[in-house]
Amino acid sequence: MRSLLKIEGITKIFGGLTAVNDVSLTANQGEIIGLIGPNGAGKTTFFNILTGIYKPNAGRILFEDQLISGMKPFQIANQGFSRTFQNIRLLKEKSVLENVQVGMFRKTKAGLWASILALSSVKKEEQETIRKSLEILSLVGLDGMDEEISGSLSYGNQRRVEIARALVSEPKLLLLDEPTAGMNAEEVEEMSALIRKINANGTTVILIEHNVAMVVDLCDRLAVLDHGVKIADANPDEVIANPAVIEAYIGKDQVEEVSSFVEN
Ligand SMILES: Nc1ncnc2c1ncn2[C@@H]1O[C@H](COP(=O)(O)OP(=O)(O)O)[C@@H](O)[C@H]1O
Ligand SMILES: [Mg+2]
């Protein structure tokens with residue numbers, strides 16, 4: 001297996017708090033990796049370091065054997081990174097299509113507003129962008145919804161628009177921060193199927209999830225963060241049987257209480 005992303009010993013300190021503590025992780029080409037852990041474990045901070053939003057206090061990141069830590073977010077995006085955010089970030093008054101088109105300009109230095117302004121003047125590029133955006137909307141299951149106002153869509157469909165926006169630049173690596181947050185069981189199933197489809201098209205995926213059942217079923221590998229430290233990294237069945245992981249989730253006291261209850 002070819003390693004796509006190699007994270008070596010990254011640490012991020014906020015004031016007195018070590019949010020990410022000496023974490024290493026390798027993502028191989030074609031994998032789906034789940035990143036789990038209790039609230040405040042440092043998962044989102046970890047993504048923010050990968051995408052260049054935060055500079056790590058220590059450690060380095062290699063993407064396709066090239067050093068990317070220290071690069072600016074748009075430079076990292078240019079290497080083939082895309083992400084979605086924990087809180088949906090759509091231009092709610094804009095159409096679905098416009099929101100997806102924005103993803104094509106993520107890579108440029110001009111930034112969001114300059115990109116939107118440039119749309120009207122760059123006709124040929126715009127045609128190509130629209131074609132590509134419609135193709136991606138169909139992939140994520142939003143066929144025929146391109147003219148809808150984004151804010152009027154169901155929560156699940158707004159998440160799909162975000163993913164479409166992240167995919168339109170054809171990333172090699174897709175980072176999803178809690179893609180199923182706020183979804184019902186049926187929407188979670190659909191999201192799993194969508195992630196599988198994206199992965200089958202050749203995109204490596206790392207997703208942060210609170211839904212453990214979903215990631216156990218979906219992922220090739222799970223990494224667990226607790227208080228900024230990686231406490232497990234293995235295949236899903238192994239990870240959920242790991243006592244340190246169970247303890248991180250429900251607390252040491254409860255583990256002892258439950259095991260003594262079971263033993264008696
Ligand atoms: N910009 C920031 N400044 C200070 N503290 C932060 C910042 N971002 C995150 N943190 C803190 O870092 C810890 C990890 O947060 P986060 O990465 O959001 O956790 P998770 O996504 O696993 O729930 C938390 O204690 C959080 O309050
Ligand atoms: Mg988070």
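This is a predicted model: local features need pLDDT of at least 70, side-chain atom pairs count only at pLDDT 80 or more; totals for chains, interfaces and linings use all residues.

Visitor: Great. How many helices and strands are in the protein chain?

Guide: The chain has 11 helices and 10 strands. Of its 264 residues, 48% are buried. Among contacts with a separation of 6 or more, 66% come from residues 24 or more positions apart.

Visitor: Okay, sheets next. What is the order of the open sheet with 4 strands?

Guide: The order is β2-β1-β4-β5, with antiparallel pairing. The edges are β2 (17-28) and β5 (66-67), each of which pairs on one side only.

Visitor: How many bridges join β1 to β2?

Guide: Strand β1 (residues 3-14) is joined to β2 by 8 bridges. Two pairs you can look up are Leu5 with Ala27 in β2 and Phe14 with Leu17 in β2. The hairpin of β1 and β2 has 2 residues between the strands, and Gly15 there has a positive phi near 55°.

Visitor: And what about β1 and β4, parallel or antiparallel?

Guide: Antiparallel, with 5 bridges between β1 and β4. One pair to find is Glu8 and its bridge partner Arg60 in β4.

Visitor: Which strands does α1 touch when it packs on that sheet?

Guide: Helix α1 touches β1, β2 and β4 (58-63), and its direction makes about 115° with that of β1. Because 7 of its 8 residues are buried, α1 is largely enclosed by the rest of the structure.

Visitor: Which residues of α1 are the buried ones?

Guide: They are Lys43, Thr45, Phe46, Phe47, Asn48, Ile49 and Leu50. After α1 comes Gly52, which has a positive phi near 85°.

Visitor: Nice. What are the protein donors of the magnesium ion?

Guide: They are Thr44 (OG1) and Gln86 (OE1), at 2.1 to 2.3 Å from the ion. The two come from distant parts of the chain, 42 residues apart: Thr44 is in helix α1 (residues 43-50), and Gln86 is in the loop between β6 (81-83) and α3 (96-105). Gln86 is partly exposed, at 33% relative accessibility.

Visitor: And ligand 1, which residues surround it?

Guide: Ligand 1 is surrounded by Phe14, Leu17, Ala19, Pro38, Asn39, Gly40, Ala41, Gly42, Lys43, Thr44, Thr45 and Tyr54.

Visitor: Switching topic: what is the order of the open sheet with 6 strands?

Guide: The order is β6-β7-β8-β3-β9-β10, and the pairing is mixed. β6 and β10 (229-234) are at the edges with a single partner strand each, so one side of each has no neighbour in the sheet. On average, neighbouring strands of this sheet are turned by 15° against each other, ignoring direction.

Visitor: How many bridges join β3 to β9?

Guide: There are 4, between β3 (residues 32-36) and β9 (residues 221-226), and these strands run parallel. Ile36 stands opposite Val224 in β9.

Visitor: Which helices lie across strands there?

Guide: Among them are α6, which lies across β6 and β7 (173-177) and runs at about 155° to β7, and α7 (residues 185-200), which lies across β3, β7 and β8 (204-208) at about 150° to β8.

Visitor: Last one: where is Gly156 found?

Guide: Gly156 is in helix α6 (residues 155-167). With a relative accessible area of 5%, Gly156 is buried. Leaving out residues up to four places away in sequence, Gly156 touches Met183 and Glu187. Its C-alpha atom is 9.0 Å from that of Pro179, 23 residues apart along the chain.

Technical notes:
Residues are numbered from 1 along each chain as its sequence is written. Chains are lettered from A and ligands numbered from 1 in the order in which they are written. Side-chain values use heavy atoms; hydrogens and water are left out. Donors are N, O and S atoms within 2.8 Å of the metal (3.2 Å for Na, K and Ca); water is not among the atoms, so sites may look incomplete. Buried means under 20% relative accessible area, exposed over 50%, partly exposed in between (1.4 Å probe, protein chains only). Two strands pair if DSSP finds at least two bridges between them. Contact means heavy atoms within 4.5 Å. Axes are lines fitted to C-alpha atoms, for helices over the stretch in contact, and angles run from 0 to 180 degrees between N-to-C directions. A residue is near a molecule or strand if one of its heavy atoms lies within 4 Å of it.
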